[in-house]
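This report concerns helix packing, nonpolar cores and aromatic pairs. The sequence and the structure are shown first.

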Amino acid sequence: MLNSIYSKMPKKFFVVGVINAIFGYSVGILNYFLFFELIGIIGVGIINNILAITLAFILFKKFVFKTINTNWILEYIRSYLVYGIQAIMGIFILWLCITVLKLNIYFSQALSMITAVFISYTSHKKFTFKI
């Protein structure tokens, strides 16, 4: 099943996805150390998602789906709908891993990000950018 999903993804989607993953992981770790004591893991997760969704939207729009003459605000809102479900899942996974399972932030953040890969491409192609 994974081979089928990955074989249909354009290489640009994969490259942008890697950039997004590195950014998201790095910002997630940084924000954890900066803000965890102040706002807890859910607050950190919310900040991380706002930053990561915005960068992902810009990169996917400009380099992968290349939509022009479209309502970018509507596309941005759609990207939040796509990532909203992923964000809720990711924040839940962070909470579960750190609070309940007592796993470290490095593994927890990586596991949280992996959940986003499986539905991102299809959701953006068929909903966010409608190509």
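A residue counts as buried when its relative accessible area is under 20%, and as exposed when that area is over 50%. The model discussed here is predicted.

**A buried glutamate**

E75 is part of helix α3. Because its relative accessibility is 4%, under the limit of 20%, E75 counts as buried. Leaving aside residues up to four places away in sequence, E75 touches F57, K61, T67, T70, T128 and F129.

**Packing of α2 and α3**

Helix α2 spans residues 11-65 and helix α3 spans residues 72-100. The two helices pack at an angle of about 145 degrees, and their axes are 9 Å apart. The crossing in which α2 passes α3 is right-handed. The residues of this contact comprise 18 nonpolar, 4 polar and 2 charged ones.

**Nonpolar cores**

The largest nonpolar core has 12 residues in all: F13, V16, I53, A56, F57, L59, F60, V64, F65, Y83, Y121 and F129. Helix α2 gives the most to this core, with 9 residues. Another core, of 7 residues, lies apart from it and includes I29, Y32, V44 and I98. Within the largest core, V64 touches K12, F13, V16 and L59, not counting residues up to four places away in sequence.

**Aromatic pairs**

A pair of aromatic rings is described by the distance of the centres and the angle of the planes.

| Pair | Centre to centre | Between the planes | Geometry |
|---|---|---|---|
| F13 and F65 | 6.4 Å | 65 degrees | edge-to-face |
| F65 and F129 | 4.9 Å | 20 degrees | stacked |

The pair of F65 and F129 links distant parts of the chain, 64 residues apart. F65 lies in helix α2, whereas F129 lies in the segment after α4 (105-128). F65 is buried, because its relative accessible area of 7% is under 20%. F129 likewise counts as buried, because its relative accessibility is 4%. In the edge-to-face pair, both F13 and F65 are buried.

Which residues form one aromatic cluster? The members are F13, F57, F60, F65, Y76, Y80 and F129. Of these, F13, F57, F60, F65 and F129 also belong to the largest nonpolar core.

Definitions and conventions. Residues are numbered from 1 along each chain as its sequence is written. This is a predicted model: local features need pLDDT of at least 70, side-chain atom pairs count only at pLDDT 80 or more; totals for chains, interfaces and linings use all residues. Side-chain values use heavy atoms; hydrogens and water are left out. Axes are lines fitted to C-alpha atoms, for helices over the stretch in contact, and angles run from 0 to 180 degrees between N-to-C directions. Helices (H or I, at least four residues) and strands (E, at least two) are DSSP runs, numbered from the N terminus. A crossing is left-handed if the near helix is turned anticlockwise from the far one by less than a right angle, and right-handed if clockwise. Ala, Val, Leu, Ile, Met, Phe, Trp, Tyr, Cys and Pro count as nonpolar, Asp, Glu, Lys and Arg as charged, and the others, Gly among them, as polar. Buried means under 20% relative accessible area, exposed over 50%, partly exposed in between (1.4 Å probe, protein chains only). Contact means heavy atoms within 4.5 Å. A nonpolar core is a set of buried Ala, Val, Leu, Ile, Met, Phe, Trp, Tyr and Cys residues joined through side-chain atoms within 4.5 Å. Rings of Phe, Tyr and Trp (its six-membered ring) pair if their centres lie within 6.5 Å; planes under 30 degrees apart count as stacked, over 60 as edge-to-face and the rest as tilted.
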